[in-house]
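Here is a short briefing for a reader meeting this structure for the first time.

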Amino acid sequence: MKKYALIRPRVAAAQAMAGAPSYVRQGSLEVRLARSLKEIKAAQKLRYQIFYEEMHARPDWRMRMTRRDIDEYDIFCDHLLVLDHDRPKGKRIVGTYRLLRQEVALAHDGFYSSGEYDLSPLMTESFGAQIGEGRQLLELGRSCVHKDYRANSTINMLWKGIAEYLKDNNIAYMFGCASFEGTDPEAFKEPMAYLYHNHLVPDDFKVRALDNQFVEMNTMSAEEIDVRMARRALPPLIKGYLRIGCFIGDGAVVDEQFGTTDVFILLPVEKIAKRYSKKYDLKGEANDTDAAVAAV
């Protein structure tokens, strides 16, 4: 594992966090980027609460001491927040998504997902030409929402914020890992085979799990799969991504630290625009987003 890096004021200044825009405001709820180190630490505390206390992730000594979910990527990522201004100061952050733009990743330690997946097909000149000059990738990760806020209104607002961020940063594709809870791939055999046969990333930019972590998803023929049962067994976040047209990478990865089995998600931004152009124009409310997401 890479050496931890502390969040330093000069990094915060470089990202101009203090001037981060507010994307959405509805009643007491607001969606915007973190504006201070204190807010990033509060987001890390929320992540710890959900990943390590509600779920089954295993903290290292540094996390146990600080009661924060921390890693070396936090210092240069943007942190999208949902805040409830009716809550006491210090407890207002009730949702978060960690965002890592390609231009930032390439200037630092790369993408978090590269620890599980070979991202080289997304870094080729041909793929760059396909997405268009000046456009870039965005890695999504560390998504979580406080248990009291896992409802349509909060999730809709979070995605409105992401939609605005995509426009601001000229994003062409989003990607990241979504998880089945548990480390026995056999328990997810049918839904993973369904993903393989129906939503696999196209051959010309096929992202594949690293050889030393690769878990085969193609363990059943398409004819053997009970599609209805397979879809029902998918985690809510993966269902939500599928609804907006995501592709799935080849091979799953068992993440022992987080107690999950991960699959790779690749989502063309144009598919979000086609599906949600009216719902996510920030003039009205989204009305059918899958709101059961807890964490990724």
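Accessible areas come from the Shrake-Rupley method with a 1.4 Å probe, and for residues only the protein chains shown count as cover. The accessible surface of the protein comes to about 13800 Å². Carbon and sulfur atoms hold 49% of that surface. This is a predicted model, in which local features need pLDDT of at least 70, side-chain atom pairs count only at pLDDT 80 or more, and totals for chains, interfaces and linings use all residues. Residues are numbered from 1 along each chain as its sequence is written, and side-chain values use heavy atoms, with hydrogens and water left out.

**Overall build**

- The protein has 10 helices and 11 strands. These are DSSP runs numbered from the N terminus: helices are H or I with at least four residues, strands are E with at least two.
- Of the 296 residues, 53% count as buried. Buried means under 20% relative accessible area, exposed over 50%, and partly exposed in between (1.4 Å probe, protein chains only).
- Contact means heavy atoms within 4.5 Å. Among contacts between residues at least 6 apart in sequence, 76% join residues at least 24 apart.

**Nonpolar cores**

- A nonpolar core is a set of buried Ala, Val, Leu, Ile, Met, Phe, Trp, Tyr and Cys residues joined through side-chain atoms within 4.5 Å.
- The largest core has 50 residues, and L80, Y97, W159, M174, L195, Y241 and V263 touch the most other members. Helix α6 (residues 152–168) gives the most to this core, with 7 residues.
- A second, separate core of 26 residues includes F111, A209, V253 and L266.
- Leaving aside residues up to four places away in sequence, Y241 touches Y97, L140, W159, A178, C246, I265 and L267.

**Strand β7 and its partners**

- Strand β7 (residues 171–181) is largely enclosed by the rest of the structure, because 9 of its 11 residues are buried.
- Two strands pair if DSSP finds at least two bridges between them. Strand β6 (residues 136–145) runs parallel to β7, joined by 4 bridges. Here Q136 stands opposite I171.
- Strand β11 (residues 260–268) runs antiparallel to β7, joined by 9 bridges. Here F175 stands opposite L266.

**Arginine R32**

- R32 lies in strand β2 (residues 29–33). R32 is buried, with a relative accessible area of 5%.
- The side chain of R32 makes a polar contact with the side chain of E39 (2.7 Å). A polar contact is a pair of N or O atoms within 3.5 Å; within protein, one must be able to donate a hydrogen and the other to accept it, and residues adjacent in sequence count only if both atoms are side-chain atoms.
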